[in-house]
Amino acid sequence: MSATHRPALLGAALSLAILATACGSSGGTTSSSSAPSGAAGDKVTITWWDYFGYSPQSDQAVNSLIQKYEQSHPNVDIQRTAIGFADFRTKLLQAAATGKFPDIAAVDNSDIPVFASQGALADLTSKMSAWPRKDDYLDFVVQSVQYDKKFYGVPFRSNTTALWYNKDLFKKAGIAGPPQTWQDLRTDAKALTSGKQSGFCFAAAPTEEGTFTFLPMIWQAGGDVPTIGDGASVKALQFVNDLVNVDKSAPKSVLQWGQSDVGDQFGSGLCAMMVNGPWVLGSVEKGKFAWDVAPWPAGDAGTASPLGGEAWAVGKNANVDAVWQLADWLADPANSRTEISEGLSSIPNRKDTLDDPAWVWHPMVKAFAQQMPSAHPRGVYGPKYAQISEAVWTMEQEVLSGAKDPQTAADDAKAKIQPLLGTS
Amino acid sequence: MTSDLTTRARPGALRLPAGARRTLTPYLFALPALIYLIGLLAYPMVLNVVTSFRDVTAMNLLSGDADWVGWSNYRQAFSDSQFVDATVHSVLYSLGSVAIQLVVGMALALLYLPLARGLSALYLIGYAIPIVVTAEVFRWLLDGKTGFVNWLFGLHDVYWLADRHLALPAMIGVQVWLGVPFAMVTLLAGLTAIPRELFEASAIDGAGSGARFRYVTLPLLRPTILAAGILSLIFTFKNFDLIWIATQGGPANASEVLPTLGYKLVFLQFLFGKGAAVLNVIFVVLFLLSLVYVRQVRRED
């Protein structure tokens, strides 16, 4: 038996070695060998990375954009690489370390500061400042592509989360409409909980999805990340604790649920309400019940939601003029509306498209568009957002699992977060 | 093979005396393996050790001018309660599940000794299921509201994977389920190798079944138990996917183990230096376990 298990042992060592290689790729040189833009016959090659290959529909939308652009710009050749969502950040980071950052990449808007602080991105400040389209976008969308008072990205597509509710279950419980305030939410959730059915579901997994879902409650309570530890943050923690541990109207399983788990639970009728983004539409439509979407119930400081979606990041070594031309073309709704709205399931992120009926690719878009103006970007918390995010989800998990009371958990998170804020 | 090499070597420019050639030949045969080992194992490991002594983060990855910080990454990791917790969890998780799966595996092996081969294949089916599937299935089975396990035992609102006191024990349970087939099959092989005559002789000498197990089976099975135990420890200690998919180390780090912590540090937070330090700790443990295993195998031979 010893002989047959040697490979297994080797495998153990190998897998470790692979992990080691992946994190040991430092010492990269900054050679500008990438992007042979403007080479042979004045044909410009633009390398393009995104993670929209997750569904045939989104994949097709991106290909359609590229095709249209190449047709109207015959001198441009776009080389697209679709990368899985889970690997995307790591791949980009490795590419940056070896000086091979793509010319243009659709990165999560909260990641702009990481790559900007890494020195991987082109400074677009002069282009952006003079850009007439800039002021079309909602202010926080513009804010989300800034780092250290400079522009390192171009707005692309946005989305946010809101409250989904099962109209059939609401009718059965005799509740007229969606909850407007936290107090309503608590009352309704309690009334909608029985047996296997939970009143309210949300993602509280120990991942960015947990933070993405909890931050809105801090904002709704009147708090913010730099002031975690104050009364508002404790109130938000108290609120989720009431739902999960006092009323038990949200199952404790939320501690291991990501957004797609929550979408599945709602779609199977086990949750009467959930907070989630438009990307779980597929799971919801599997359920044969009437549903609708409403804005997040308001806390002391009103409603609030997180800004999701991607911005265009431009690689430092890119042919900035050629890429800028592409970004500008992509930002024109006349060129890209169908692909970005329906194709990529996005919510309008411009002042002039928020109420545009042409953007309502599904009835639910109206509610999300109504929520959108109260969205908050996460990139403003700087390049160490990933660590800050861990402190936030850990704080929520400590409270929901009963390890710490809200005040202690918030104080401990504050101690972790304070040194991580700022631009360096 | 050797003659082939020598005939090809003869017309070449390199002419070596026969004696030197004879000493060189075995090393040349080992060369491909050596290159493989250096390129795919030694190089990344050395790089990882180097990384663990530098302050490599997302911010200085590009420039490559990360500061040398000596043992700072290790000191930081060791003084971090998250690391201490993850270490404790790793040890409990590995030792706990391996001990249980050896006992259960032994019981099953003894039980099935008469009809050994057919049934062991059946057990291996569970072993062959991808861990992603196992983890997802157990997430569902162990759910607090709709899970099968709660239904089976008539429990209500026991959130196995979302309760900070139950998450680690539950994961140990899943790991035992995964590891028992391996333990059973290995022990079964060891059992069938014990000569029947020894049992017969001890039975004639008046040993009961308990005494036979204690004085015949166990001593003769010792090397097999040790080998199976150490291998299982290695598998379990480095296990990442099962816990990552089932709980992601939660709730509130209650099921965080060293591999999931290392992954989070490196791939989610881009703290390469600190992550490398954690991964090196895993490496040292696995290396020591491997040494024990290799020594054990040698002694067996």
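Here are legends for several close-up views of this structure, which is a predicted model.

**View 1. Five strands of chain A line up in an open sheet.**
Let's begin with the order of the strands, which is S2-S1-S3-S12-S6, with mixed pairing. Strand S2 (76–82) and strand S6 of chain A sit at the edges, and each has a single partner strand, so one side of each is left without a neighbour in the sheet. From one strand to the next, the twist averages 20°. Helix H13 (residues 320–330) of chain A packs on this sheet and touches S1, S2, S3, S6 and S12 of chain A. The direction of this helix makes about 55° with that of S1(A).

**View 2. Parallel or antiparallel: how do two pairs of strands in chain A run?**
As a reminder, strands of a sheet pair through backbone hydrogen bonds, either parallel or antiparallel. Strand S1 (residues 44–50) of chain A and strand S3 (residues 104–108) of chain A run parallel and are joined by 2 bridges. Look for A:Trp49, which stands opposite A:Ala105 in S3(A). Strand S6 of chain A and strand S12 (residues 308–314) of chain A run antiparallel, with 6 bridges between them. Here A:Asn159 is found opposite A:Gly308 in S12(A).

**View 3. Strand S6 of chain A is largely enclosed by the rest of the structure.**
How many residues of strand S6 (residues 153–159) of chain A are buried? The count is 7 of the 7, so the strand is largely enclosed. A residue counts as buried if 20 or more other C-beta atoms lie within 10 Å of its own.

**View 4. Strand S10 of chain A has a covered face and an uncovered one.**
In strand S10 (residues 291–294) of chain A, A:Trp291 and A:Val293 form the covered face. The uncovered face holds A:Asp292 and A:Ala294. Strand S7 (residues 162–166) of chain A pairs with S10(A) in the antiparallel sense, over 4 bridges.

**View 5. Several elements cover the buried residues of helix H11 in chain A.**
Which residues of helix H11 (residues 259–267) of chain A are buried? They are A:Gln259, A:Val262, A:Gly263, A:Gln265, A:Phe266 and A:Gly267. Their cover includes S7, strand S8 (198–201), helix H9 (208–220), strand S9 (271–276) and helix H12 (281–286) of chain A.

**View 6. Helices H2 and H13 of chain B cross.**
Two packed helices are described by the angle between their axes and the distance between the axes. For helix H2 (residues 18–52) and helix H13 (residues 272–300) of chain B, the axes come within 7 Å and cross at roughly 125°. That makes H2(B) oblique to H13(B). Their crossing is left-handed. Among the residues that meet here are B:Met45 and B:Val49 in H2(B), and B:Ala276 and B:Phe283 in H13(B). By class, this contact has 7 nonpolar, 5 polar and no charged residues.

**View 7. B:Lys274 is a buried residue.**
This lysine belongs to helix H13 of chain B. Is B:Lys274 buried or exposed? It is buried, with 25 other C-beta atoms within 10 Å. Not counting residues up to four places away in sequence, B:Lys274 touches B:Asn73, B:Gln76, B:Ala77 and B:Leu265. B:Gly262 is 12 residues apart from B:Lys274 along the chain, and their C-alpha atoms are separated by 8.2 Å.

Terms used:
Residues numbered from 1 in each chain as written. Chains lettered and ligands numbered in written order. Predicted model: local features only at pLDDT ≥ 70, side-chain atom pairs only at ≥ 80, totals over all residues. Buried ≥ 20, exposed ≤ 12 C-beta atoms within 10 Å, placed from the backbone. Pairing = 2+ DSSP bridges. Axes fitted to C-alpha atoms, helices over the stretch in contact; angles between N-to-C directions. Contact = placed C-beta atoms within 7 Å. Parallel < 35°, antiparallel > 145°, perpendicular 65-115°, else oblique. Left-handed = near helix turned anticlockwise from the far one by under 90°. Nonpolar A, V, L, I, M, F, W, Y, C, P; charged D, E, K, R; others polar.
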